[in-house]
Amino acid sequence: MRAAQLIEHAGPDAVRVTDIPEPEAGDSLVLVDLHAAGVSFPDLLQTTGGYQMVRPLPCVLGAEGAGIVRSAPEGSGLVAGQRVAVLSLTGSWQQTVALPRGLVFPLPDSVSLTAAAGMLMNYFTAHFALDERARYRAGETVLVHGAAGGLGVASLQVAAALGLETIAVVSTEEKAAVAKANRATHTVLAEDFKDRVLELTGGRGADIVLDPVGGDRFTDSLRSLAPGGRAVVLGFTGGSIPTVKVNRLLLANISVVGAGWGEYLRTVPDHSARQWAALEPLLRDGTLVVPEPTLHPLAEAPAALRSLENRSATGKVALDLTSRP
């Protein structure tokens with residue numbers, strides 16, 4: 001089968017498409033033929049060895065995808081021909097995966113295979129940040145940084161499905177249009193977001209900040225919080241890791257929490273099943289929407305990664321695994 005492997009820690013151009021053996025399912029694993037696979041910022045970090053977990057090389061990148069069940073163990077509740085999304089933490093940029101039942105999620109008809117291919121990591125992360133870490137309450141306002149990116153779009157969509165208002169922070173008017181198309185209640189430009197947030201909330205501030213960007217704007221994120229507000233750290237795509245003067249937390253009764261969904265899953269492995277039980281009904285009835293990604297052929301995996309690196313991508317990016325050389 002075809003797969004995209006990282007062969008050295010030299011950036012996106014060190015990803016090569018090659019042939020590798022198909023996995024064997026045996027009697028205990030679900031065998032899935034993938035139609036597409038998601039591309040995420042951790043994949044980009046892995047190409048330079050900058051991710052928190054460095055895998056032996058060569059390795060297949062990717063951690064999520066969607067496709068059709070080829071075979072499943074008896075009693076698994078899955079059947080051949082069924083449409084599913086998958087988490088494949090040892091690589092999904094390959095045409096077939098063999099996975100435990102707990103990492104395979106039956107799809108409702110409302111979600112296409114291409115949309116589902118890049119859904120799980122971002123939607124689970126957004127839900128984890130709002131539900132488990134921020135402990136959202138009905139009627140609250142959520143400030144979303146990087147709102148036109150894959151995680152930002154997922155955060156807007158999940159927040160809207162949960163009945164929360166959102167303020168999307170973006171860098172350009174073009175990205176503001178992406179955020180509006182993904183159910184942002186308001187959009188503001190990054191250069192003056194603090195003042196605009198206070199203006200939009202009548203001086204009160206946002207209840208929750210979701211921040212995958214980090215960098216210099218983090219202090220203004222704290223200043224944008226309402227009393228009792230929570231800033232949720234999701235990552236550092238801006239490059240630098242901010243520091244917090246904790247007197248700000250004391251004076252405003254605000255908090256800063258981390259949302260490491262992947263790490264949480266390692267210690268609470270059934271959490272994704274609980275999340276799916278909460279999100280799948282919302283997907284099924286259309287309350288939660290998953291937009292189509294920007295789809296690249298598998299051979300263009302380096303270009304897909306570079307679109308994340310240079311911030312030209314909006315929404316989710318995915319790879320088409322159905323094309324043959």
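Ser40 counts as buried, at 7% relative accessibility; buried means under 20% relative accessible area, exposed means over 50%, and partly exposed lies in between (1.4 Å probe, protein chains only). Ser40 lies in the loop between β3 and α1. Helices (H or I, at least four residues) and strands (E, at least two) are DSSP runs, numbered from the N terminus. Ser40 touches Met121, Leu308 and Lys316, leaving out residues up to four places away in sequence; contact means heavy atoms within 4.5 Å.

This is a predicted model, in which local features need pLDDT of at least 70, side-chain atom pairs count only at pLDDT 80 or more, and totals for chains, interfaces and linings use all residues. Residues are numbered from 1 along each chain as its sequence is written, and side-chain values use heavy atoms, with hydrogens and water left out.

**Domains**

- The protein chain is assigned domain 1 (2–118 + 293–320) and domain 2 (122–262); the bounds come from an automatic or database domain assignment.
- The C-alpha centres of domain 1 and domain 2 lie 28 Å apart.
- Contacts join 9 residues of domain 1 to 11 residues of domain 2.
- About 780 Å² is buried between domain 1 and domain 2, and carbon and sulfur atoms give 60% of this area. Buried area is the accessible area (1.4 Å probe) that two parts lose on being put together, summed over both.
- Arg311, Thr314 and Gly315 supply 51% of the area that domain 1 buries against domain 2, more than any other three residues.
- Between domain 1 and domain 2 the count is 0 salt bridges; such a bridge needs a side-chain nitrogen of Lys or Arg within 4 Å of a carboxyl oxygen of Asp or Glu.

**Nonpolar cores**

- The largest nonpolar core has 53 residues, and Met119, Leu130 and Val232 have the most contacts inside it. A nonpolar core is a set of buried Ala, Val, Leu, Ile, Met, Phe, Trp, Tyr and Cys residues joined through side-chain atoms within 4.5 Å.
- Helix α3 gives the most to this core, with 8 residues.
- Domain 1 and domain 2 both give residues to this core, so it lies between them.
- Met119 is in contact with Glu64, Ala85, Leu107, Val111, Phe124, Trp276, Leu283 and Val290, leaving aside neighbours within four places in sequence.
- A second, separate core of 33 residues includes Ala3, Ala14, Trp93 and Ala313.

**Aromatic pairs**

- Rings of Phe, Tyr and Trp (its six-membered ring) pair if their centres lie within 6.5 Å; planes under 30 degrees apart count as stacked, over 60 as edge-to-face and the rest as tilted. By this rule there are 5 aromatic pairs.
- Phe105 and Phe124 are edge-to-face, because their ring centres are 5.6 Å apart and their planes stand at 75°.
- Phe105 is in strand β8 (residues 104–106) and Phe124 in helix α3 (residues 120–133), 19 residues apart.
- Phe105 is buried at 3% relative accessibility, and Phe124 is buried at 1%.
- Phe128 and Tyr264 form a tilted pair, 4.9 Å centre to centre with 45° between the planes.
- Phe128 lies in helix α3 and Tyr264 in helix α9 (residues 261–267), so this pair ties together parts that are 136 residues apart in sequence.
- Phe128 is buried at 2% relative accessibility, whereas Tyr264 is partly exposed at 23%.
- Phe105, Phe124, Trp261 and Trp276 form one aromatic cluster.

**Helix α11**

- The buried residues of helix α11 (residues 301–309) are Ala301, Pro302, Ala304, Leu305, Ser307 and Leu308.
- These residues pack against β1 (2–6), β2 (15–19), β3 (30–39), α1 (41–46), β15 (294–297) and β16 (317–320).
- Just after α11, Arg311 takes a positive phi of about 65°.

**Salt bridges**

- The whole structure holds 15 salt bridges.
- Arg306 pairs with Asp13, with the closest N and O atoms 2.4 Å apart.
- Arg306 lies in helix α11 and Asp13 in the loop between β1 and β2, so the pair ties together parts that are 293 residues apart in sequence.
- Arg306 is partly exposed, with a relative accessible area of 32%; Asp13 is exposed at 51% relative accessibility.
- Glu199 and Arg196 form a salt bridge (3.1 Å, N to O).
- Both Glu199 and Arg196 lie in helix α6 (residues 193–200), 3 residues apart, about one turn of the helix.
- Glu22, Asp33 and Arg70 are linked in a network of salt bridges.
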